[in-house]
Amino acid sequence: RPRLDRLSAQLDWYRRRFRLLHPWGMVGWQTQAWAAIHELTGDPAQAEFVFEIADWALDWQLECNGAFVTDMSPTGPSFHAAFLAEGMVAAWRLARRTGDKARAARYARSCREALRFMARLIIYPQDTFCMRDPDRALGGVRGSLTTSSVRIDFVSHTLVALVRCLQAARAEHGAGPSC
């Protein structure tokens, strides 16, 4: 059985890796993982690492459309905004849980902005005029603004980010504001 109180070596390793390379994959995955572990352990070092990653990523989010400037897509802003929003919503919930209202507000805004960008990638009825099977295409998520390709991971990251954002908003404000 894993001992969650013995993760300091792993945390140190991932923190060093992040500081050296700033790999974008860590923004989505490590924020979710360490926020979940923190929920079980309450270790402040884990929360600090989540906040370090999320704060760094905020500097790369575009104000004009909510996407992130990353090296994950050679064609520019992409569905990765949803993947990164998954990490941001984990950071948002952690900030709220630890009483850091200012961070929680910044991360909530980041999630909303990323989802605003993702709304541009969703296939709506008016987008299907040239599609062979328009009814099946509805609700799909394109990979970027310049492609028509749809994959299940584009859709699933978008759906997970949206649902978790809505859950966090409801937890924070009751059934009121949405993402």
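Biologist: Start with helix H5. Which residues in H5 are buried?

Modeller: Ala104, Tyr107, Ala108, Ser110, Cys111, Glu113, Ala114, Leu115, Phe117 and Met118 are buried in H5. Buried means under 20% relative accessible area, exposed means over 50%, and partly exposed is in between (1.4 Å probe, protein chains only). A helix here is a DSSP run of H or I with at least four residues, numbered from the N terminus.

Biologist: What sort of model is it, and how are residues numbered?

Modeller: This is a predicted model, where local features need pLDDT of at least 70 and side-chain atom pairs count only at pLDDT 80 or more, while totals for chains, interfaces and linings use all residues. Residues are numbered from 1 along each chain as its sequence is written, and side-chain values use heavy atoms, with hydrogens and water left out.

Biologist: Back to H5. What do its buried residues pack against?

Modeller: They pack against H3, H4 and H7. That is judged by contact, meaning heavy atoms within 4.5 Å.

Biologist: How far apart are the end C-alpha atoms of H5?

Modeller: They are 27 Å apart, and the 19 residues of H5 should span 27 Å, so the two agree. The expected span is 1.5 Å times one less than the number of residues.

Biologist: Now the core. How many residues are in the largest nonpolar one?

Modeller: It has 48 residues, and those with the most contacts inside it include Val27, Trp92 and Tyr107. A nonpolar core is a set of buried Ala, Val, Leu, Ile, Met, Phe, Trp, Tyr and Cys residues joined through side-chain atoms within 4.5 Å.

Biologist: Which element gives the largest share of this core?

Modeller: H4 does, with twelve residues.

Biologist: And what is Val27 in contact with?

Modeller: Leaving aside neighbours within four places in sequence, Val27 is in contact with Phe18, Ile53, Trp56, Ala57, Leu84 and Gly87.

Biologist: Different topic. How many salt bridges are there?

Modeller: The count comes to nine. A salt bridge is a side-chain nitrogen of Lys or Arg within 4 Å of a carboxyl oxygen of Asp or Glu. One of them joins the side chains of Arg19 and Glu52, 2.8 Å from N to O. Arg19 lies in helix H1 and Glu52 in helix H3, so the pair ties together parts that are 33 residues apart in sequence.

Biologist: Where do Glu113 and Arg116 lie?

Modeller: Both lie in helix H5, three residues apart, about one turn of the helix. An α-helix has 3.6 residues a turn, so residues three or four places apart point the same way. The side chains of Glu113 and Arg116 meet in a salt bridge at 2.5 Å, N to O. Glu113 is buried at 17% relative accessibility, and Arg116 is partly exposed at 37%.

Biologist: What about Asn65, buried or exposed?

Modeller: Asn65 is buried, with a relative accessible area of 10%. Asn65 is found in the loop between H3 and H4. Among the residues in contact with Asn65 are Glu113 and Arg116, once neighbours within four places in sequence are left aside.

Biologist: How far is the sulfur of Cys64 from the closest cysteine sulfur?

Modeller: That distance is 18 Å, to Cys111, which is too far for a bond. Cys64 counts as exposed, at 62% relative accessibility.

Note on methods
Helices (H or I, at least four residues) and strands (E, at least two) are DSSP runs, numbered from the N terminus. A disulfide is a pair of cysteine sulfur atoms within 2.5 Å.
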